[in-house]
Amino acid sequence: MEKVNNLSPVPSAEMEKGALTDLPISDDGLDNPTGIQEKALLRKLDLRLLPAVTLLYLLSFLDRSNVANARLDGLTTDLNMTGNQYLTGLTLYFIGYVLFEIPCNIVLKKTSPQKWLPTLTLAWGVVATLMGVTQNMAGFFVVRFVLGMTESGLFPGVVFYLSMWYKRNEQHYRIALFFSAASLAGAFGGILAYGIGFMKGVGGLNGWRWIFILEGILTVLVSLAAYRFITNYPATAPFLSDSERAYIHARLKNDSDATRDEAFAWRNVSQAFKDPKCWLYGLGFHTLSLPLYTLSLFLPTIIKELGYTAAQAQLLTVPPYACATCLTITVAVLSERYRLRAPFIMASACLAIVGYIILLSAPSAGASYVGTIFAASGIYPATAIVLSWPANNVSGQTKRATANAMQISIGNLGAVLGTQLYRSDDGPRYFLGHGFALGYLVANVFVVGTLWAVLRRENGKRERGERDARLAGVDEEEWLGDQDPRWRFQT
């Protein structure tokens, strides 16, 4: 937990950047008798943890969004579905996702990452493969719902997992890197779909079936390996020496609640539901999830409707996602450097707003395509920061795990609506879908601005000592989570 040694005020400029202590945490202030280099240790953690979870999320996003590529290769025709029935299948995925989000994170808290995250990956890999042998619309609906169920626990689970390894001001950049796998999946998905499409007729199967089968089998194989390359928490990680483990414990003890042995209790779950800030984190993602998922699920169709062939549309999905990946990482670095969250979210949302204005107003296919690049380049960086925010600001392990799951659940309700907006009859301009996406992005600017004001006001009250009464009768070593007056929110 990040605490102050006394309640003397922190300078206001530092407070606004999320500084939480009047004494900086450094190597010299930690139990470090062996002279461990913090930067070298962080590089070791990054190389051991981030590639593993990023790969899982890349496969997750690939397996949920490849249906957009499969649609261009004949999925709806072979399953005798209308355009609106296809939209129903997309909606069912997010219903399953929303319903099982919080239960999955509770299971993670009760079990361990090494068991739970690979098991989820194995489950959705099997389901994704089965999509390739679906024979009718009813089967497609069932498989999409179950795919949502099985994928629901990964993202909030990994966000919670990383919060148990890194200090608060280190988590944001790592979560953004992890989330960049979503845009990478879009880029790779287009390339893979283009290549796999040439397998049409192999084994008597259409190309879209091979997209699901091959990408699903890849997920299954990676999940089996994941039981070995996903580790638990620092206390038991086999790749750490005893001195490294002790050092990580010391640095986290001075910064967060990650080292506390917090038993699961339902009252800690209810704290998240009673905290208005947790609902605002959810609304922050809700207003981004509609444009995020409509773009990922309909981008190939949007591009094809501009007059390109199916094969060209598969390849033309790559540049928007490539730009989104680069900007996601760049904005994350800047946000981390300046210790600011809300301004970068709102600026990124405004970039996406420009993209949708172009899509709604541009008369030519080329201009509209540029609009998709602007939209993707704004949506993905904003989403990466929003999704890391509760991991930085919610204290109490169970409350944080619940808040992370709440955010994704509330957010994905926007995706449920979004999947019904891009109807076949609305192409090629898709005024309804683009209009909703534009409206949601404008709403995101207002929601994030409101949350920014709430967090800054609460930090100010704690600086002025207006919350000190909460410490009455509390032992100095006792921690009240994010209700503790010594805690400062990152804004």
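Leaving aside neighbours within four places in sequence, with which residues is Ser 335 in contact? Counting heavy atoms within 4.5 Å as a contact, Ser 335 is in contact with His 172, Leu 340, Arg 341, Phe 344 and Ile 385.

The model is predicted: local features need pLDDT of at least 70 and side-chain atom pairs count only at pLDDT 80 or more, while totals for chains, interfaces and linings use all residues. Residues are numbered from 1 along each chain as its sequence is written, and side-chain values use heavy atoms, with hydrogens and water left out.

**The chain as a whole**

The secondary structure of the protein chain comes to 18 helices and zero strands; these are DSSP runs numbered from the N terminus (helices: H or I, at least four residues; strands: E, at least two). The C-alpha trace spans about 70 × 45 × 40 Å along its principal axes. A compact globule of 491 residues would have a radius of gyration near 23 Å, and the protein chain agrees, with 23 Å. That radius is taken over C-alpha atoms, and the globule rule is 2.2 Å times the number of residues to the power 0.38. Of contacts between residues at least 6 apart in sequence, 81% join residues at least 24 apart. Buried residues make up 59% of the 491 residues, where buried means under 20% relative accessible area, exposed over 50%, and partly exposed in between (1.4 Å probe, protein chains only).

| Residue | Place | Relative accessibility |

The side chains of Ser 335 and His 172 are joined by a polar contact of 3.4 Å. Such a contact is a pair of N or O atoms within 3.5 Å; within protein, one must be able to donate a hydrogen and the other to accept it, and residues adjacent in sequence count only if both atoms are side-chain atoms. Ala 237, leaving aside its neighbours within four places in sequence, is in contact with Trp 165 and Arg 245.

**Helix 2 and helix 4**

Helix 2 (residues 38-72) packs with helix 4 (residues 83-110) at an angle of about 170°, and their axes are 11 Å apart. The two helices are therefore roughly antiparallel to each other, a term for angles over 145 degrees. Axes are lines fitted to C-alpha atoms, for helices over the stretch in contact, and angles run from 0 to 180 degrees between N-to-C directions. Helix 2 contributes Arg 64, Val 67, Ala 68 and Arg 71 to the contact, and helix 4 contributes Gly 83, Tyr 86, Leu 90, Tyr 93 and Tyr 97.

Methods:
Parallel < 35°, antiparallel > 145°, perpendicular 65-115°, else oblique.
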